[in-house]
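Please keep the viewer open as you read.

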Protein chains: 2
Amino acid sequence: MGSARSGTEEVAHTGTRKRDPEAVRADILAVAEAEFAANGLSGGRIDEIAAKTRTSKRMIYYYFGDKNGLYRAVLEEAYRKVRLEEAALRLDDLEPVEALCRLAAFTFEHHRRNESFIRMVMIENVHKGTFLDQSADIAAVNRPAIERVATLLDRGKAAGVFRQEIDALTLHWLISAVSYFNVSNRHTFGRIFGDRLWTEPGQARLGTECSEIVLRYVLTDVALSDCKWSSPGAMAPE
Amino acid sequence: MGSARSGTEEVAHTGTRKRDPEAVRADILAVAEAEFAANGLSGGRIDEIAAKTRTSKRMIYYYFGDKNGLYRAVLEEAYRKVRLEEAALRLDDLEPVEALCRLAAFTFEHHRRNESFIRMVMIENVHKGTFLDQSADIAAVNRPAIERVATLLDRGKAAGVFRQEIDALTLHWLISAVSYFNVSNRHTFGRIFGDRLWTEPGQARLGTECSEIVLRYVLTDVALSDCKWSSPGAMAPE
DNA sequence: ACCGATTTGTACCAGTCCGTACATTTGCTA
DNA sequence: TAGCAAATGTACGGACTGGTACAAATCGGT
């Protein structure tokens, strides 16, 4: 949504151009993400998106062809953004235990701050992943995440601090599960059992608990006592 | 869907009655659950539900007033069913470690087998829990779940096998998170990283891993080595 | 066997919302 | 500056779908 504006104001490179297709596309995508994240695919209204855009409904169909096409584009964009941020983490510089702790804390915090991404994934799962099928490259965009976990895991195993039985995919699954659930289900869970876990201190505490959960799962029994997975501060690049 | 049929066929108690409001209600609810779970609230079609019911659309509005009313009724019913099954677990007879292991394994398995319940919760969360607000008793139906965890936890703490710092709500949150995520996100996760975790052996393995995750989180460091959380067989009452 | 209340069927309306036909402007290139 | 392609605005169509008006059948009680 930042980039959408820039192209319109400053005319720069190509001389005077009032038209800026890229900005229009980006604008539509941003508005559409908000709308779909808020109301789902069937619930999201094209007219509503058009109204909140600086352009008309016509453009949506011009660029994305279809309601489904627009939705798919939004989904792809959301994944791309997220994995891009994740790639900024430099885990190789840290020793395994600290790196894993940082990864868990980062993911937890990241998902918290990107609710609309989580909601897009929720909605996509309601639709049984049909739209992910149709965009082949999404898998390619995401797979590096597993690689990061795998190398981290290998380093820890080699150092003797991580258990040999741990599987990279399962570990990634665990980190994703807690970080995702924390955002996706806060409404039902909070409604039923109270919001205690979703106050600010509650979330801070829960975040460190998640790191603890992950580490206790992975660590060799011996090493369980001596580790300081306590500082969750400043892990997001922003 | 089993109970819906019974009232219609066997006429039993009240003499000959062709009319069976309760059966009609139950029939509608069962069909509606399938429809909503499959397509969401906005995506679910009242006409579709009516068509698959033995009665007409008129009845839906007669009994539930509204599309939203129907949805709310389905949601309430889903929660009620689930918590009823959960109550069948008798954890007090087991020693703490085994009881916790059983609880985790049961929840994991239970959520797996009740996909449409999970999907209803997913959808409710997409709607930010608005419908849970309107039905006051749902919270009351669910809260006992926490009580069970709390007493189990206390017993373990007293016995010295569980860490004192563990919070009941957080523990329940963890068990829910992994069990829920396993069902809710299998499509996106599987699409991106492969279905390995969702083959039959993969799921069996993942289930025991979840028990291990939970136990390692809770157990006193000392006790970490000696426990046999290995038998996941026969924990569902069915 | 009659009567009011409950329960059910049919046909239909009215609003919403996706998508498009048609017309127009802008920009680039020759 | 002519001309073509890319980009955009407006108005509208038409199907879908939630909800209802109207009517009728059924049932329990007396």
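Contact, in these notes, means heavy atoms within 4.5 Å. This is a predicted model, in which local features need pLDDT of at least 70, side-chain atom pairs count only at pLDDT 80 or more, and totals for chains, interfaces and linings use all residues. Residues are numbered from 1 along each chain as its sequence is written, chains are lettered from A and ligands numbered from 1 in the order in which they are written, and side-chain values use heavy atoms, with hydrogens and water left out.

1. **The fold of chain A.** Chain A has 12 helices and zero strands; helices here are DSSP runs of H or I with at least four residues, strands are E runs of at least two, and both are numbered from the N terminus. Of the 238 residues in chain A, 53% are buried, where buried means under 20% relative accessible area, exposed over 50%, and partly exposed in between (1.4 Å probe, protein chains only). Among the contacts in chain A with a separation of 6 or more, 69% join residues 24 or more positions apart.

2. **How the copies are related.** The same surface serves both copies, since 98% of the contact residues of chain A recur in chain B.

3. **The interface.** Chain A brings 59 residues to the contact and chain B brings 58 residues. Between them the chains bury about 5400 Å², with 64% of it on carbon and sulfur atoms; this is the accessible area (1.4 Å probe) that two parts lose on being put together, summed over both. Six salt bridges cross the interface of chain A and chain B, a salt bridge being a side-chain nitrogen of Lys or Arg within 4 Å of a carboxyl oxygen of Asp or Glu. Asp167(A) and Arg196(B) form a salt bridge through their side chains at 3.5 Å, N to O.

4. Which residues does Asn125(A) contact, leaving aside neighbours within four places in sequence? In chain A there is Tyr180(A); from chain B come Arg119(B), Met122(B), Ser184(B), Asn185(B), Arg186(B), His187(B) and Thr188(B). Asn125(A) sits in helix H7 (residues 115-126) of chain A, and it counts as buried because its relative accessibility is 0%.

5. **The core.** The largest nonpolar core has 140 residues, that is, buried Ala, Val, Leu, Ile, Met, Phe, Trp, Tyr and Cys residues joined through side-chain atoms within 4.5 Å. Those with the most contacts inside it include Leu171(B) and Trp173(B). Trp173(B) belongs to helix H10 (residues 168-184) of chain B and is buried at 0% relative accessibility. Beyond four places in sequence, the contacts of Trp173(B) include Phe181(A), Phe189(A), Leu197(A) and Trp198(A).

6. **Thr170(A).** This residue lies in helix H10 (residues 168-184) of chain A and is buried at 6% relative accessibility. Setting aside residues up to four places away, Thr170(A) touches Tyr217(A), Leu197(B), Leu206(B) and Glu209(B).

7. **Salt bridges within a chain.** Over all chains, the structure holds 38 salt bridges. One of them pairs Arg54(A) with Asp27(A), the closest N and O atoms being 3.8 Å apart. Arg54(A) lies in the loop between helix H3 (46-52) and helix H4 (57-64) and Asp27(A) in helix H2 (residues 21-43), so the pair ties together parts of chain A that are 27 residues apart in sequence. Arg54(A) is exposed at 56% relative accessibility, whereas Asp27(A) is buried at 8%.

8. **Backbone points to look at.** Lys128(A) has a positive phi near 60° in a residue other than glycine; its place is the loop between H7 and helix H8 (130-134) of chain A, where it is partly exposed at 39% relative accessible area. Lys128(B) likewise has a positive phi, of about 60°, and is partly exposed at 40%.
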